[in-house]
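Okay, thanks for coming, everyone. Today I'd like to walk you through some aromatic rings and what surrounds them. Let me put the structure up.

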Amino acid sequence: MRSPRLRRQPALAPSRASDPAEPTEVFPVGKAVEVLPDEGAYRGAHLPAVVARFDPGLRSYAVEYDALAVSGASGRALPETVPASQVRPRPPPPSPAPHAEHAAVDALRDGAWWLGVALVGGGRADGKVAVRFPATREEAEFDLADVRPHLEWVAGEWRSPEDMETSKRTLYAKGTQIEVARLEADSVVAWFPAIVAKTIWKNNLLVEYPFWKGSELCNEIIDIKHIRPCPPRASVISFCVNDDVEGFQDDGWWPGKITEIHPKLTYTFKSATSGKKVQLHQNTLRLRYDWIDNQWKQVAQNLSGTKFTGGDRVEVSSDEEGFHGAWFQGTVVKSVGHKFLVEYDALKDDDETTPLKETIGEEHIRPSPPAIPVTNGFKVLDEIDAYTNDGWWVGVISEVLSNQKYKVYFKAYKEQDEFELEQLRRHCDWVGGIADVTAEGTHDIFCTGAWDN
């Protein structure tokens, strides 16, 4: 696709990672250390070991583990060569003070120290400490001697989480509404609405489940990898057979498909997990989105009914850098399987005179939006499309200069420009399914998709 682009600052080149630094200290032979494996079953744990040899050329240590033995060799410590960057001294002996509630601790299990969170503050009469492991979502009880405060080895000194600024960093502040994954055999089978109640060391959060009706716990300490923001949701939407959706049941959102359509906005929902069918109202269904690379990706809907033929007026989007948030007008020349040959209105071919033609996948094409009259102008923060650079670009009204002139801010490119009223239109989104949309007194019904504004 070729088109003039919005002016924007050039993208910063990715920073180059510096070479690993030389170890700041060399542990002598016989030194008691801990090894932090970055792969395998013990990834994330601290394994007690003893230094057997240091290789300065390879910047590595030969170590022998305290609790791991060679298979078939009774009592012989397991030797291994590990990078110097994975070796640290053993932490100092812990103080006898009891652990605080939700303190970051290490618990000794299977010969290794594993990072967890102490569930209850103070000491228990039986000498046990309950520890939660957010990464695996397990809980276990340990003898007091097998639990220690978590410390980080930073620049040659021991630091506690309370002393480190990173303990306060999180993508989800207290009070944020989120969704928590329900896992079965390490696979996500449902998402449960929750609220962040407290941020804990590193990527751990205490969450509460406001809609939990069962007898199980109503809060949980989890790793951030098991949560996602609340997905987008269309304000008015109906569904087609075979649409990928999520249905709200048993306090959570479960993935599945629509198999039947019934009167009064009721649908047969087939669970992707159990295969069971149940009738659900439209209010307890939503289009399915997946949270991938920190952005929402809508799962492909049933597009079998979305047919464009030669002469249909359409708009086309692009994933190319510099074109995000824009739609370019054109006309369908013909269908090519599940794709469409489109001739653009304004985009030109290499000769700069012939209209550009491209074959477009169905995920990047939509009908031309309805012409919604603008009777009272726009207000600040109204979401609009502005016609510039041969296409319609999504933005917001940042300033009203008059009833015929506005300033528009393009968030994706951090730019602002002036436009006449005739260069603007109300922003609409094409949403999968069959919907009944009312806008500014108009009443439009679209099959296999709907305009939502």
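One term before we start: buried means under 20% relative accessible area, exposed means over 50%, and partly exposed is in between, using a 1.4 Å probe and protein chains only. Also, this is a predicted model, where local features need pLDDT of at least 70, side-chain atom pairs count only at pLDDT 80 or more, and totals for chains, interfaces and linings use all residues. Residues are numbered from 1 along each chain as its sequence is written, and side-chain values use heavy atoms, with hydrogens and water left out.

So, how many aromatic pairs does the structure hold? There are 15. Rings of Phe, Tyr and Trp (its six-membered ring) pair if their centres lie within 6.5 Å; planes under 30 degrees apart count as stacked, over 60 as edge-to-face, and the rest as tilted.

Take Tyr42 and Trp114: they're stacked, 6.0 Å centre to centre with 25° between the planes. Tyr42 is partly exposed, at 23% relative accessibility, while Trp114 is buried at 17%.

Next up, Trp393 and Tyr413. This pair is edge-to-face, with 6.0 Å between centres and 70° between planes. Trp393 is buried at 0% relative accessibility, and Tyr413 is buried too, at 11%. Together with Phe323 and Phe328, they form one aromatic cluster.

Finally, charges over rings: NZ of Lys or CZ of Arg has to be within 6 Å of the ring centre and within 35 degrees of the ring normal. The charged end of Arg148 sits over Trp113's ring, 4.2 Å from the centre. Arg228 does likewise over Trp191, at 4.1 Å.
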